[in-house]
Amino acid sequence: MDKGLILIVEDDPDIIQILDAYLIREGYRTVRASDGEIALTHFSMLRPDLVLLDIRLPKFDGIEVLNRIRRERDTPVIMVTSLAEDMDKLTGLRLGADDYIVKPFNPHELIARVNAVLKRTRQPAAGGVLRFGAIEVDTEAYVAAVCGDGGRTVLPLTLSEFRILAHMTRRPTHAFQRADILDACLPESDALARTIDTHIANLRKKLAEHGACGYLVSVRSVGYRLAGEQKP
């Protein structure tokens, strides 16, 4: 059974061989890239279903590759990092990485993460169209928009950002703890609670840039909730 195409971006040939073998055994097709330039060429031509992206790469590093991928498509990306690269991890998440895994990793764990991210991406959402103020979230089409006097503007959200916005829009008066958001929207990730702060900051910025200011508010000692638009 063909479960999809995975682009493996890694400059260590031993790691590539291991990942390739495990992914093929799981039923995936694979394509390999040993540097950032080859990765971007494969990505544009082959349109993989998911990208496994190492941070430290020749030519273009993983952060630059992720940045360019996000300009083109919302393909799920799992960053591969090391314990000494916390700042790089957070930068990757700000640019829209869906998950990360730390070296050295267990190949079985990585395969589980690949399966989980693709399941989140592909599974149909329930609930139809959700609305709160100027925010409109279509959970079946995976499209979020801001509606106002000037019309309807689609928001350029990553998958993780979309899932967080949809989750909060379902219960707009509820104060969500960071751990609650992680469990509901990134259940298979071992990301820290501060990752949610990064996603919320991105959402706030994108909402504000498209005319919806003040919808995401902080709740002291708790987390976040949606609130009515705050006029300047």
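## E161 and its surroundings

The side chain of E161 places a polar atom 3.1 Å from the backbone nitrogen of T158, within the 3.5 Å limit for a polar contact between N or O atoms. E161 belongs to helix α6 (helices are DSSP runs of H or I, at least four residues, numbered from the N terminus). With a relative accessible area of 1%, E161 is buried (under 20% relative accessible area, 1.4 Å probe, protein chains only). Leaving aside residues up to four places away in sequence, E161 touches P156, H199, N202, L203 and K206 (contact means heavy atoms within 4.5 Å).

## Basis of the model

This is a predicted model, in which local features need pLDDT of at least 70 and side-chain atom pairs count only at pLDDT 80 or more, while totals for chains, interfaces and linings use all residues. Residues are numbered from 1 along each chain as its sequence is written, and side-chain values use heavy atoms, without hydrogens and water.

## Packing of α6 and α7

Helix α6 (residues 159-170) packs on helix α7 (residues 178-185) at an angle of about 115°, and their axes are 10 Å apart. That makes the two helices roughly perpendicular (65 to 115 degrees). R163, I164, H167 and M168 of α6 meet D180, I181, A184 and C185 of α7.

## Helix α3

Helix α3 covers residues 62-72, and its buried residues are G62, I63, V65, L66, I69 and R70. Viewed down the axis of α3, these residues fall within an arc of 160°, so they line one face of the helix; the arc is taken from the directions from the helix axis to the C-beta atoms. At the N-terminal end, D61 caps α3, with a side-chain oxygen 3.2 Å from the backbone nitrogen of I63.

Note on methods
Buried < 20%, exposed > 50% of the residue type's maximum accessible area, 1.4 Å probe, protein only. Polar contact = N/O pair within 3.5 Å; in protein donor to acceptor, adjacent residues only side chain to side chain. Axes fitted to C-alpha atoms, helices over the stretch in contact; angles between N-to-C directions. Parallel < 35°, antiparallel > 145°, perpendicular 65-115°, else oblique.
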